[in-house]
Amino acid sequence: MEYEITGGSFPMVICTLKQGETMKNETGAMAFMTSGMNMETNTGGGLLKGIGRALSGDTIFLNYFTAENDNEQIGFSACTPGKIIPFELNESKTIIGQKNAFLAAENSIDVDIYFKDKLGAGIFGGEGFILQKFSGKGVVFLEIDGEVIEKDLEEGETILLDPGHIAAMDESVDFDIERVKGAKNILFGEGLFFTKVTGPGKVWIQTMPLSKLAEALIPLLPKPNE
């Protein structure tokens, strides 16, 4: 499989496949395909696996596109302005992504819900902490809201973030939820919780989570009966 990412702030990844190669994606991300692509839709591993993806923000069903000839093409487009980032995975590299991050992947990539062993992180994490795990050998494409900033964390190095700004991270990065201290900070500040991530590993930070874009646009929308 070869690919090209184009489109600037409204990106699309165009994949060129050899005969027999297969790509999979969440329902609705396919923008175009050549006539020699065969499409099949299923849960990608049984109903429970499909329900797990639904809990992490994606659809129960996945679409599978297989090239019937060499040089067939398929394009997958992001649903919001931002970036499409390719991740080359193998036995030693696994990526954890935010909910709704998954765009498309080679068929050899596994897409699963990611459970955090600390209960507080799962219950109180808010946006960004219903997570997905991407593993296997091949390429997965994740969509990032807005621009992306990469942080390489050393062993024991920690940063605090608003939960919605985490796009992806290496599986080696530890994360937890830290409550904001001080009543005034809670009432008038950045919210109830911070996301605490600790190295080693890389963290991908998105600059404009979809929820914040919606918050900025809602006051500008016409109200009913206006």
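Author: What follows is a close look at strand pairing, with a few residues picked out along the way.

This is a predicted model. Start with the whole chain. It has four helices and 19 strands. Of its 226 residues, 41% count as buried. Now take contacts between residues at least 6 apart in sequence: 81% of them join residues at least 24 apart. The chain exposes about 11800 Å². Carbon and sulfur atoms supply 55% of that area.

Now the strands. Strands of a sheet pair through backbone hydrogen bonds, either parallel or antiparallel. Look at strand 18, residues 193-198. Strand 18 pairs with strand 15 in the antiparallel sense, over four bridges. Strand 18 also pairs with strand 17, residues 174-179. That pairing is antiparallel too, and six bridges join the two strands.

Find Thr198 in strand 18. Thr158 stands opposite Thr198. Asp174 also has Thr198 as its bridge partner. Trace both pairs on the model.

Next, follow the chain on from strand 15, which covers 158-161. A loop leads from there to strand 16, at 166-170. His165 is found in that loop. Is His165 buried or exposed? The cut-off for buried is under 20% relative accessible area. His165 has 16% relative accessibility, so it counts as buried. Its side chain has a polar atom 2.7 Å from the backbone oxygen of Gln206.

Met12 stands opposite Ser77 in strand 7. In a regular strand the side chains alternate between the two faces of the sheet.

Finish with two cysteines. Cys15 has 0% relative accessibility, so it counts as buried. Cys79 is at 63% and therefore counts as exposed. How many disulfides does a search of the whole structure find? The search finds zero.

Notes: Residues numbered from 1 in each chain as written. Predicted model: local features only at pLDDT ≥ 70, side-chain atom pairs only at ≥ 80, totals over all residues. Heavy atoms only, no water. Buried < 20%, exposed > 50% of the residue type's maximum accessible area, 1.4 Å probe, protein only. Contact = heavy atoms within 4.5 Å. Areas by Shrake-Rupley, 256 points an atom, 1.4 Å probe, with all protein chains shown as cover. Polar contact = N/O pair within 3.5 Å; in protein donor to acceptor, adjacent residues only side chain to side chain. Disulfide = S-S within 2.5 Å. Pairing = 2+ DSSP bridges.
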